[in-house]
Amino acid sequence: MRPRYRPVMTTVLTLRRGERATISAIDAVGDEVAARRLHEMGFDDGVDIEVLHRGPVGGDPLAVRVGNMTVALRKTLAARIRVEPLREAAE
Amino acid sequence: MNAPATLAPLLPDPDTLSRPFLAALVGNPNAGKTSLFNALTGSRQKVGNYPGVTVERKSGRLSLPDGRMVELVDLPGTYSLNPRSPDEAVTRDMVMGVQAGERRPDAIVAVVDATNLRNHLRFVLELRRLGLPMVVALNMYDLAERDGTRIDVARLSTILGLPVVPTVAVRRRGLAELAAELAPRLDHAAVPEIAPEADIRLLQREARVIADTVTLQRGQATRWTQRFDAVALHPLAGPLLLGAILFIMFQSVFALAEVPMGWLEAGIAALQVQLAAVMPDTALRSLLSDGVLAGVGAVVVFLPQILILFLFIILLEQSGYMVRAAFIMDRLMAGVGLNGRAFIPLLSSFACAIPGIMATRTIDDPKDRLTTILIAPLMTCSARLPVYTVIIAAFIPATNVGGVGLQGLVMLGLYVFGVLGALVAAWALRRTVTKGPTPTFLIEMPKYQWPVVRDIGIGLWQRAGAFLKRAGGMILGITVVLWVLASYPKPPAGDPTPALQYSAAGRIGSALEPVFAPIGFNREIAIALVPGLAAREVAVAALGTVYSLQGTDEDHAQPLVERLRSSWSLPTALAFLAWYVFAPQCLATLAVVRRETGGWKWPAFMFVYLFVMAYVAAGATYWIARALGG
């Protein structure tokens, strides 16, 4: 059994490969455009995310699965995606 | 011409009665939009440009079941009506009816990936707010079914208030139904309004709710895309796979193109002989033979290489691998301030910088795009090969170094030299003239798909056509001008000066000689560099002309390789190779850069910076080689 909610703020960068989580917020501070692009690609709070692959040098960029899509993005952008432990998805 | 249709909603503009209807194909990238466009219009396509901008306009004719014809225009793929690149701006401006020189479409066909409904429906909701008549194509429906996804199409249609047609573009399924749904919508005298900007998050949530409501059973995402990605995106296996693919690609480009290139060369030569047989030896014959045929031939002869390279690039794009290559390369590109997306145009530039520069349109950040354009000519294009081949054959001994031919190694070294030069140039440019915020990298990785023969064929035809039109036309004009410069004025009778040296081109070359003397170039090279500006490979022909015109009669028969060996020192030859890695950018490339950047400022800058790089590289090579006792 794992606790349902932990009050910790983590980002996608802290996830291990293959680990799934639920997006809790998209950080728009300092760059509204970046946040908007992330929303356009399907990132939003309440959506599940999983880190699939990391780039060959320094783990940058990342390939993540969001919904049914796989998206590649750089670490600087991924740092804007806050996550929380996986919510029970209504499958 | 493009007056807003809102002014007279009840009285149709008399113009529209005579014009065919215009429908626009809109959708997210990777929704299979181009495939659907190809399936709907077949070979009845027209490729041009939107007036005033360099974005490619693709349109085709679609016949409706009632016999009417519709002009279908394939708008650039985008995720929203908030554009990130010039391409995406065209999509927004077209559907809003504000694109200069274009009228607003009478209807929209929104293309949606059935396997990615949650995300793609958001864009449909955004488009719906425009108030245009609209039909939704639920594309790649077979893939959704194969994954085990079941969608309630009727319910989706009811919720959206729009007709929804399942389609499979690659198998031509659903096309007739789509046309049948489109036909009655064209008769609606729509009252389109320009909707205020949508709150993307609200639309996103609405889209997810709709998608979840109409999805009766959720399937598993394709397993083998994930399995292949485990290799293609692996930190070690991924770069190795990319290296292997590039190796096979370049091997094929050179090995497979050799035979057809021989045919084309023989064909051009035969035409020249034919011309000599039917025409008297006049200035007109010389113009046709040495100007037109030689000039056009110089371009056409590279067509086999360019077609093979394009074929590989199209295969990599359509299969979905190209984005993986961009993923692998992104970190390296980021190191010099570029973006993984720049990898694709740079790869095309190995065939010819012209299609490479045209392919930079997909890069959204303007500074990033400009940098990529500026370094594209540093990729060794196939036009430099004849120059390399002749000089290497003349000066590099055909010995083996550790089982590998030295000549081949030098050739490879020149390619590597160009790539390294490009990385250094990008690094320097991003810190000076194209300084700006670090570009980001955010790209969807599509599912792997088998390329479709029809799409490959149409893509190859259009790219080859664009290359021939842009490069061919320009080179034809330039070679004619150069022919005039190299032929006139004629030396007076009895003057022993060779004709080329006496001509305008020869005089320009002689005037340039002092400029090039410090880097080891003699007057013959300076003369050959002038026509070499038109097209790099012409420099070889020009050298041939200079030396054959200069020599006595016995020397005349000597092949160029022998002549060069006896009249150039090794440092001069090496300096000439180093020069060609960087500079003499062809005029056709500069003209394309002018088109793409909208002025002479950047082509002028490119000319100067490449000239300086080439001068320094050739000079350094010359003096180092001399110091080492060459």
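Mentor: Two strands pair if DSSP finds at least two bridges between them; helices (H or I, at least four residues) and strands (E, at least two) are DSSP runs, numbered from the N terminus. This is a predicted model, in which local features need pLDDT of at least 70, side-chain atom pairs count only at pLDDT 80 or more, and totals for chains, interfaces and linings use all residues. Residues are numbered from 1 along each chain as its sequence is written, chains are lettered from A and ligands numbered from 1 in the order in which they are written, and side-chain values use heavy atoms, without hydrogens and water.

Trainee: What makes β2 and β3 of chain A paired strands?

Mentor: They are joined by 3 bridges and run antiparallel, and pairing requires at least two. In β3(A), A:I49 is the bridge partner of A:A21.

Trainee: How do you know that β5(A) and β12(B) pair?

Mentor: They share 4 bridges in the antiparallel sense, with A:T70 opposite B:M445.

Trainee: Why is B:V401 called partly exposed?

Mentor: Its relative accessibility is 42%; buried means under 20% relative accessible area, exposed over 50%, and partly exposed in between (1.4 Å probe, protein chains only). B:V401 therefore counts as partly exposed.
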